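Student: I am new to this structure. Could you walk me through it, please?

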Amino acid sequence: MMDYAAQMAFLEKAIQTGHLSHGYIFSGTESLAFAVTIAKKILCKQEHIGCDSCSSCLKINTGNHPDLFIIEPDGASIKNAQIEAFQRFTFIRPFESDYKVAIVSQAHLMTEHAQNRLLKVLEEPPGYMCLIFLTKQPERLLSTVVSRCQVLLFEEAEFQEEEAIAEQAVHFMKSVAERDAGRILEFAAYAKQDKARFDRFLNQVMLSARDLMIFKETGNIQLIHHEKFSILEERGALEHLSKVLTLKEILQLIEMIDDTQRKIRNNMNFDLSVDSMLLRCVKE
Ligand SMILES: [Zn+2]
């Protein structure tokens with residue numbers, strides 16, 4: 001089992017070296033945002049980095065890239081008409097890029113009939129085709145489909161927990177940026193609930209703060225490492241934070257977190273260390 005960042009790195013390498021498979025099963029995750037981020041890298045015209053500024057990336061951001069096809073369940077299942085539209089999509093050469101990408105969200109909702117039709121594409125895929133299946137129930141996919149794909153395992157529980165922590169980190173930074181004392185002090189309870197989780201939370205805040213600093217200086221999203229910020233929905237938060245926080249404030253925050261982590265690791269009183277950090281955030 002691997003986490004999100006590790007799978008991202010694995011796929012980036014395959015894209016960069018031209019060793020992309022025609023079929024992937026992302027087993028254990030149903031994050032469409034993640035799959036779209038991968039598709040963006042595959043289709044990007046700037047060395048496949050997902051630059052967010054080439055014509056391909058811009059079309060993905062506005063949801064109308066001719067070489068990206070997303071199948072989402074229509075009600076409780078994936079309908080034959082959707083598969084037919086997909087088949088038409090596969091046989092037309094790419095318009096924009098060297099590749100075409102199709103993402104099947106909740107792939108286990110395909111009927112056996114639908115899977116058999118997709119199998120035809122997987123058996124003789126056009127060279128430009130890359131299919132990504134997202135599913136938390138891979139056992140419901142036909143073994144013939146699975147055997148034609150590379151299966152990447154995602155640890156969903158861990159993934160969700162880390163994502164929740166990253167979300168709290170962004171939430172915390174927003175509270176600091178808005179100087180919202182009430183919300184800042186609420187993090188005392190969050191910290192005391194689970195000390196190990198709080199340490200991971202501080203790591204996430206630290207990562208976010210570093211990304212923010214880089215983004216503020218360069219305006220370049222490619223240099224961002226925080227996986228939460230690298231997926232589509234948190235872009236807005238990053239841009240907002242980079243406007244409201246000064247460089248000096250971000251540096252203070254990094255220093256403060258570093259200081260707090262050091263205190264906790266040196267067995268200083270946990271509650272006191274947390275309280276003093278939060279109070280400093282309120283005051284400064
Ligand atoms: Zn691009």
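**Inside the sheet**

Tutor: Isoleucine 71 stands opposite valine 104 in strand 3. This is a predicted model, in which local features need pLDDT of at least 70, side-chain atom pairs count only at pLDDT 80 or more, and totals for chains, interfaces and linings use all residues. Residues are numbered from 1 along each chain as its sequence is written.

Student: In what order do the five strands form the open sheet?

Tutor: Strands are DSSP runs of E, at least two residues, and helices are runs of H or I, at least four, numbered from the N terminus. Two strands pair if DSSP finds at least two bridges between them. Strand 2 (68–71) and strand 5 (150–153) each have a single partner strand, so they stand at the edges. The pairing is parallel, and the order is 2-3-4-1-5.

Student: Over how many bridges do strand 2 and strand 3 pair?

Tutor: Strand 3 covers residues 100–104. Strand 2 pairs with strand 3 in the parallel sense, and the number of bridges is four.

Student: At what angle do the axes of helix 12 and helix 13 cross?

Tutor: Axes are lines fitted to C-alpha atoms, for helices over the stretch in contact (C-beta atoms, placed from the backbone, within 7 Å), and angles run from 0 to 180 degrees between N-to-C directions. The axes of helix 12 (residues 247–265) and helix 13 (residues 270–283) come within 9 Å. The two helices are therefore roughly antiparallel, a label for angles over 145 degrees. The crossing angle is roughly 170 degrees.

Student: Which residues in helix 13 are met by Met256, Thr260, Lys263 and Ile264?

Tutor: Those four residues belong to helix 12. Their partners in helix 13 are Phe270, Ser273, Met277 and Arg280.

Key
Parallel < 35°, antiparallel > 145°, perpendicular 65-115°, else oblique. Contact = placed C-beta atoms within 7 Å.
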